[in-house]
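Okay, thanks for having me, everyone.

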Amino acid sequence: MGAINLQGKHIALRALEPEDLNLLFSIENDTVGWELSNTQAPYSKDILKQYLQNAHQDIYEAKQLRLVITALENDTAIGFIDLFEFDPKNRRVGVGLLLLEAERGKGYGKDALSTLCDYAFAAFQVHQLYANITSDNVASIALFERQGFIKVGVKKDWNISGGKFIDELLYQYIKE
């Protein structure tokens, strides 16, 4: 197997570093994203420092991998992309992506998702990737569908948002 590329046209994916603490703190404590991550309470900087110290764990051990999305033009961290619930036996892994609000709509998400998909298939020989997206997240639905993910299911009234239940959609991208 040749070298694995973690660089897209406009972004690069890299491991978490200690200097990512403030970005991690702001994203993890942004209550808008809590509905997506099922977070119930804020994280302290000390807890996040511990997380960063353990972020080097192998995906086979931790069953997850978080990468930082950086803009190539200025090497600035603009978000995170995650592999989660890695299941090497059944050769599948979940995908999650979060960009800073100011960086959305610029093509970075598409580039990061494409780069991550290529990486996951090459590095971990997974057969499929999947994503759980709330039915009101139109931008994410469009992004994942453009990447080739197909909606395969609906979890009715799966999450509560603003006092109302909302469906969660299951998307899969199967490598043929």
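This is a predicted model: local features need pLDDT of at least 70, side-chain atom pairs count only at pLDDT 80 or more; totals for chains, interfaces and linings use all residues.

With ring centres within 6.5 Å as the criterion, the model has six aromatic pairs. One of them is Phe 121 with Tyr 173, edge-to-face, with 5.4 Å between centres and 80 degrees between planes. What I like is where the two come from: Phe 121 sits in helix H5, residues 108-124, while Tyr 173 is in strand E7, residues 164-174. They are 52 residues apart, and the pair links distant parts of the chain. Phe 121 itself has 10% relative accessibility, so Phe 121 counts as buried.

Then there's Phe 144 with Phe 149. Why do we call that pair edge-to-face? Because the planes are at 80 degrees, and the cut-off is over 60; the ring centres are 4.9 Å apart. Both of these Phe residues are buried. And Phe 121, Phe 144, Phe 149 and Tyr 173 come together as one aromatic cluster.

Two charges to point out while we're here. The charged end of Lys 175 sits over the Phe 121 ring, 5.0 Å from its centre. Elsewhere, Arg 66 puts its charged end over the ring of Phe 80, at 4.9 Å from the centre.

Now the sheet. It's open, with seven strands ordered E1-E2-E3-E4-E5-E7-E6, and the pairing is mixed. Which strands stand at the edges? That's E1 and E6, the latter being residues 150-161. Each has a single partner strand, so one side of each has no neighbour in the sheet. On average, neighbouring strands are turned by 30 degrees against each other, ignoring direction.

Zoom in on E4 and E5: they run parallel and are joined by three bridges. Gly 94 is in E4, residues 92-99, and its bridge partner in E5 is Tyr 130. With a relative accessible area of 0%, Gly 94 is buried. Beyond its neighbours within four places in sequence, Gly 94 is in contact with Asp 82, Leu 83, Phe 84 and Tyr 130. Its C-alpha is 5.4 Å from that of Leu 83, which is 11 residues away along the chain.

As for helices, H5 packs on the sheet and touches E1, E2, E3, E4, E5 and E7. The direction of H5 makes about 40 degrees with that of E3. Helix H6 lies across E4, E5 and E7, at about 160 degrees to E5.

That takes us to the inside. The largest nonpolar core has 34 residues, and Leu 83, Phe 124 and Leu 129 touch the most other members. Elements that each supply at least two residues include E1, E2, E3, E4 and H6. Who gives the most to this core? H5, with 10 residues.

Take Phe 124. Not counting residues up to four places away in sequence, Phe 124 touches Ile 59, Tyr 60, Leu 65, Leu 83, Phe 86 and Tyr 119. There's also a second, separate core of seven residues, with Leu 23, Ile 27, Ala 77 and Phe 80 among them. Phe 80, you'll remember, is the ring under the charged end of Arg 66.

Definitions and conventions
Residues are numbered from 1 along each chain as its sequence is written. Side-chain values use heavy atoms; hydrogens and water are left out. Rings of Phe, Tyr and Trp (its six-membered ring) pair if their centres lie within 6.5 Å; planes under 30 degrees apart count as stacked, over 60 as edge-to-face and the rest as tilted. Helices (H or I, at least four residues) and strands (E, at least two) are DSSP runs, numbered from the N terminus. Buried means under 20% relative accessible area, exposed over 50%, partly exposed in between (1.4 Å probe, protein chains only). A charge sits over a ring if NZ of Lys or CZ of Arg is within 6 Å of the ring centre and within 35 degrees of the ring normal. Contact means heavy atoms within 4.5 Å. A nonpolar core is a set of buried Ala, Val, Leu, Ile, Met, Phe, Trp, Tyr and Cys residues joined through side-chain atoms within 4.5 Å. Two strands pair if DSSP finds at least two bridges between them. Axes are lines fitted to C-alpha atoms, for helices over the stretch in contact, and angles run from 0 to 180 degrees between N-to-C directions.
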